[in-house]
Amino acid sequence: MNFSVIFHDHIQTSLSRIFSESIVPKVTIEIGAFEGNTAFNMAKLLSEKNPDYKHYVVDPYTASENLTQDTVDKAKKQFISNMEGFPQVELIQKNSFDGLIELKNRGVKADFIYVDGSHFAKDVLADAVLGFEILNIGGVMLFDDAVSWRYGEAIQDSPKMAIDSFIACNWNRLKVLEMPNGYQIAIRRERL
């Protein structure tokens, strides 16, 4: 595995806590991949625990508000290169809405979903709603950059509003899990 950029190390701490205290997932979904640092490290760890492990990555690999197309193209090339030796990783090159609908239509049910794609509230809310529909009871959804209003000039440019609203609307169906850092929020699905 080769990565030119390591964005955060707090994901490792969160995953360690989730996988030791809540679940050892058989099926995982990641929204937003860049070069695949999280995807391939998670696939390496979890495939050792379960030979039937499967990891779906949903990423359109298109330019965004903070990434040029050239940067995205280089990231995709590195991701594809990193896929060698990881048959359990499947790339779905679509926006998260269409990718999650595809997974739902294929009958995929996930034990863990990592939401780290678009940071616009409208997109994060769609990811939460669609992801929750394919999350198994007992499964965990982890949201990145979820705690502060750090992005953009308007509150709808940040994931926080969407995540807070989703949690409030589904309070009786989930449990909020304590995360060891100040960036992420995790929820566990408790019921239908």
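Helices (H or I, at least four residues) and strands (E, at least two) are DSSP runs, numbered from the N terminus. Axes are lines fitted to C-alpha atoms, for helices over the stretch in contact, and angles run from 0 to 180 degrees between N-to-C directions. The model is predicted: local features need pLDDT of at least 70, side-chain atom pairs count only at pLDDT 80 or more, and totals for chains, interfaces and linings use all residues. Residues are numbered from 1 along each chain as its sequence is written, and side-chain values use heavy atoms, with hydrogens and water left out.

Two packed helices are described by the angle between their axes and the distance between the axes. Here, helix H5 covers residues 121-133 and helix H6 covers residues 159-169. Their axes come within 7 Å and cross at roughly 35°. On the H5 side, contact (heavy atoms within 4.5 Å) is made by Ala-121, Val-124, Leu-125, Ala-128, Val-129 and Phe-132. H6 contributes Pro-159, Met-161, Ala-162, Ile-163 and Phe-166. Eleven of these residues are nonpolar, none polar and none charged. Ala, Val, Leu, Ile, Met, Phe, Trp, Tyr, Cys and Pro count as nonpolar, Asp, Glu, Lys and Arg as charged, and the others, Gly among them, as polar.

Charged side chains pair elsewhere. A salt bridge is a side-chain nitrogen of Lys or Arg within 4 Å of a carboxyl oxygen of Asp or Glu. The count comes to eleven salt bridges. One of them joins Glu-90 to Arg-106, with the closest N and O atoms 2.9 Å apart. Glu-90 lies in strand E3 (residues 89-92) and Arg-106 in the loop between helix H4 (96-105) and strand E4 (110-115), so the pair ties together parts that are 16 residues apart in sequence.

Glu-102 and Lys-94 also form a salt bridge, at 2.6 Å from N to O. Relative accessibility is 22% for Glu-102 and 34% for Lys-94. Both values fall in the partly exposed class (buried means under 20% relative accessible area, exposed over 50%, partly exposed in between, with a 1.4 Å probe and protein chains only).

A further salt bridge links Arg-173 and Glu-133, whose closest N and O atoms are 3.9 Å apart. Arg-173 sits in the loop between H6 and strand E6 (174-177), and Glu-133 in helix H5, 40 residues apart. Arg-173 is buried at 18%, whereas Glu-133 is partly exposed at 35%. Salt bridges that share partners join Lys-54, Glu-90, Lys-94, Glu-102 and Arg-106 into one network.
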